[in-house]
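Morning, everyone. I have one structure to walk through today. Please have a look at it first, and then I'll start.

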Amino acid sequence: MGGRSNSDVMLQHFGMLIHALLRGEPYFGPALATTQGPPVRKAYMRALVELLAHERPAMPVRVLEIGSWAGASAVTWAQAIRDFAGDGEVTCVDLWKPYFDLLINRSDVYLTMEKAAESGDIYRLFQHNIRAAGVEDLIDCIIGDSRQVLPTLCADEYDIIFIDGAHVYDIVSSDIANAKRLVRDGGIVCGDDLELTLAEVDQDRHRAALKVGADFALDVRTCKEYHPAVTQAVADEFPNLTNFEGLWAVRRQGETFKPVDLSASTLEIPTHLRAIEVNAPPGGRDGVVELLFSHKDFYILRHRDGYLAIAQKIGEVDASKELEQIRALYHADDVLIGGSIEYLIRRIGELTERDRRAAEVATRIELLAQAQQRLESQMTATAERAAVQVEAQQRLESRMTTMAERAAVQVEAQQRLESRMTTMTEQAAAQVEVRQRLEKELEISSQGLCTRMDNFAATLAEHQRAIDRGRRSFAYRCLWWLGFFRSAEK
Ligand SMILES: C[S@@+](CC[C@H](N)C(=O)[O-])C[C@H]1O[C@@H](n2cnc3c(N)ncnc32)[C@H](O)[C@@H]1O
């Protein structure tokens, strides 16, 4: 393990490819990216065929596959049909032409696939593989774009429709829409590459990846890579599906699509995928151990006395020792030993599930701790605010007390004022009364004075008249006397 350069590894891969071609064996190794997804998904694909074949014995199983590449999945379907149903067919729809936008999808694998499709190598390898696997008679090819080919096929015709073509949202959606029409009632629509469901991914980054049209993206929430278009299109069409380690599946029931139950099926890696080499095989002596494939974070090896699953994280392991010696040297979770591949895959599934749960619990604990911290800091802030409020309230209360005291003083002053005003009002009323009495008395006395003055004036006038009369009579008398005296003088 280690020490080999990338070009050494590539040469070795192509050497194996040429070797397989020369010997007439199927090739599903790393060269030309023929592997396409973890082999365990193909074990679930076999299980789907087994399920339908057991439900309807002696009936052919018809599979429609959208996207075949080098034939790893097509051979899986065909072998499963032969093993479980006896009769059936696989219709493969594929462009076998370059289909990636290399400006968006920049990793080496896309360039490799582009070149393999452009040169026609991949179509030739597909034909070689189905022939070498002995399933050519079960496979029918339609070369073309799924969006043009699928509408020409008959409705309700297929038992299984497998969607693994382009991973662009519009094309996945179109393939799903067509599959819904083409699958028979009771049949299964499934597809590859659902590494993460919509609920699991970071929504903002997911929308951005979809917008760009990236085939593959890293989800920052789970730190896993996934196919954004598959995640979105599948979520849009089937809210209720089963996800078998990245192989999604639904079952048609009338007009609805329900999850698929595979609990009664066996899980077996197809034979043509059991010897997939990997870039960095663990150590081992030829003839004693054989590296079969990698699954999740484990290398699966065939040992002279059974099977081994070695966690990739523990690095180089001398797997050539006796199984019991290996068991004694490593932690039971890092090196799994069993009598069959299926057992190891199940154990890896259990460990992964346990780790996932532990990670979930750890995440939840972390979230809880964060929430608690937030709560505590909120509570501190609230307590501080409350203290400030209490202080403000105390200040307010003391101001209110002062104001109340001042108000009491003012009330007292007002009361004093009011009582003085009452007294003054009463005094004023008494004065008014006195004044009224005085006025009345004045009026009465002025009336009496007037009467007396009138009387006096009348008396005066009378006296005047009497005086006038006396004067006149005196005058008369004087005149008379004057006359008398004059006459007397004469
Ligand atoms: C991921 S590979 C399929 C892998 C294969 N199912 C397997 O498991 O080995 C995708 C395939 O889809 C094909 N493809 C891409 N776009 C397509 C389209 N619009 N119509 C039909 N096939 C398409 C590509 O040529 C390629 O072979």
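One term before we go in: two residues are in contact if their C-beta atoms, placed from the backbone, lie within 7 Å. Keep in mind that this is a predicted model.

With that cut-off, take helices α8 and α9. H206, A209 and L210 come from α8. They meet P228, A229 and Q232 of α9. By class, this contact has four nonpolar residues, two polar ones and no charged ones.

How do the two helices sit? For a packed pair, you give the angle between the axes and the distance between them. Here α8 covers residues 203-212 and α9 covers residues 228-237. Their axes come within 9 Å and cross at roughly 105 degrees. So α8 is roughly perpendicular to α9.

Now the ligand. Which residues are the closest to it? They are Q36, G67, A72, S73 and A166, out of 21 residues that surround the ligand.

Next, the overall division. The chain splits into domain 1, residues 16-272, and domain 2, residues 289-339. Over C-alpha atoms, the centres of the two domains are 30 Å apart.

Let's move to a sheet. This one is open, with four strands in the order β11-β12-β13-β14, and the pairing is antiparallel. β11 (289-295) and β14 (335-338) are the edge strands, each pairing on one side only. On average, neighbouring strands here are turned by 20 degrees against each other, direction ignored.

β12 and β13 make a hairpin, with two residues between them. Six bridges join these two strands. Within that pairing, I300 stands opposite A309 of β13.

How many bridges join β13 to β14? Four, and the two strands run antiparallel. β13 is residues 306-311.

Last item, helix α11. It spans residues 341-489. What does α11 lie across? It lies across β11, β12, β13 and β14, and it runs at about 145 degrees to β14.

That's my tour. Over to you.

Definitions and conventions
Residues numbered from 1 in each chain as written. Predicted model: local features only at pLDDT ≥ 70, side-chain atom pairs only at ≥ 80, totals over all residues. Axes fitted to C-alpha atoms, helices over the stretch in contact; angles between N-to-C directions. Parallel < 35°, antiparallel > 145°, perpendicular 65-115°, else oblique. Nonpolar A, V, L, I, M, F, W, Y, C, P; charged D, E, K, R; others polar. Near = placed C-beta within 6 Å. Domains from an automatic or database assignment. Pairing = 2+ DSSP bridges.
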